[in-house]
Amino acid sequence: MPAANSIPTQLKRRQPQQRRRGPPGANMMPQDEPWRLSAYGRYHCLENHLGDEDIRVLEEIEQQILPLVQGFFREGDGEESLERSNTTTKTTTSTTSTIMDGIYRSELQLMTAVPGSGNQSWHKDNRARGLSIIIPLVDFTPENGGTQLLMGSHNNNWPLFANGGARVIRAPTGSVVAYDSRTVHRGLGNETSEGRPALIFCYDRVETPPPGCGTLGSVGTSYQGRLVDILTGARNVLSPKSRDASVALRSLLYFLTYPAAPAM
């Protein structure tokens, strides 16, 4: 995979630049840079900067997770129906990455958090229901900046907030980490001496493309995340092997049983 050969391995010196408008963390590299910043030391190579060979490899991987994606959107939920009925904004999104009727791949990227990187701002990938998937290319741990989720935040489940709080995902290389795009989350800083690369796939409905909110909404989400994190205690580890992890993830994703994806 050619893009992996250029992946950053250490912090780059920031060049002076004018502050961009947008949510916290939006002061990123110029759009024409192949690796953009979402936070200090967190680099993202988006689909438009990936080569044909990169796309081919990533779409082969995508075939393994499509049963999960399709099952998630087939299930739906009551809130999603309400959101769709209240949607007045029309979109003319045109893409070859249509997964099923009305569903498309809204994001495909390779990212890494280099040693010494900082925390992202708390954020949602979309205000409307969608599916975000992370595939770790090294083991995710609290020390190397695994993704931190506010459990129950996808549907403002405050009891779950209080009981679960902010959880850090611990996941082995090649596993599939999936969560509702409305979930408030962030990537943590990398405190180790090695980078933490990962693949990211996001899927949304054509009529509700991300992010679904403006600057004020993004700022509000960021402060909401900080507050809940402080109140409940951060860096509780969510391990796929733990008994309560499966319960929390089922609540988070709204599904019970989907066809298992083939082994990767």
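# Close-up views

**View 1. The side chains of H185 and Y179 are joined by a polar contact of 3.2 Å.** A polar contact is a pair of N or O atoms within 3.5 Å; within protein, one must be able to donate a hydrogen and the other to accept it, and residues adjacent in sequence count only if both atoms are side-chain atoms. The model is a predicted one, in which local features need pLDDT of at least 70 and side-chain atom pairs count only at pLDDT 80 or more, while totals for chains, interfaces and linings use all residues. Residues are numbered from 1 along each chain as its sequence is written, and side-chain values use heavy atoms, with hydrogens and water left out. A polar contact of 3.3 Å links the side chain of H185 to that of D125. H185 belongs to strand β9, residues 185-187; helices (H or I, at least four residues) and strands (E, at least two) are DSSP runs numbered from the N terminus. H185 counts as buried because its relative accessibility is 3% (buried is under 20% relative accessible area, exposed over 50%, partly exposed in between, with a 1.4 Å probe and protein chains only). Beyond four places in sequence, the contacts of H185 (heavy atoms within 4.5 Å) include W122, H123, T147 and L149.

**View 2. F72 and F73 form an edge-to-face aromatic pair.** Rings of Phe, Tyr and Trp (its six-membered ring) pair if their centres lie within 6.5 Å; planes under 30 degrees apart are stacked, over 60 edge-to-face, and the rest tilted. By this rule the count is one aromatic pair, and in the pair of F72 and F73 the centres are 5.2 Å apart, with 90° between the planes. Both F72 and F73 are buried. The charged end of R129 sits over the ring of F72, at 3.8 Å from its centre; this requires NZ of Lys or CZ of Arg within 6 Å of the ring centre and within 35 degrees of the ring normal.

**View 3. R196 places its charged end over the ring of F140.** The distance from the charged end of R196 to the ring centre of F140 is 4.3 Å.

**View 4. P210 and P211 are joined by a cis peptide bond.** Omega for the bond between P210 and P211 is about 5°. Most peptide bonds are trans. P211 lies in the loop between β10 (196-205) and α4 (215-232).

**View 5. P2 lies in the segment before β1 (36-39).** P2 touches E53 and D54, leaving out residues up to four places away in sequence. The C-alpha atoms of P2 and V57 are 9.9 Å apart, although the two residues are separated by 55 residues along the chain. P2 is partly exposed, at 43% relative accessibility.

**View 6. Residues 87-96 have pLDDT below 50.** pLDDT is the predictor's confidence in each residue, from 0 to 100. The mean for the chain is 74, and 61% of its residues reach 70 or more. Beyond near neighbours in sequence, residues 87-96 have nine contacts in the model. pLDDT also stays under 50 over residues 234-264, where the model has 75 contacts beyond four places in sequence. Where pLDDT is low, the predicted coordinates should not be read in detail.
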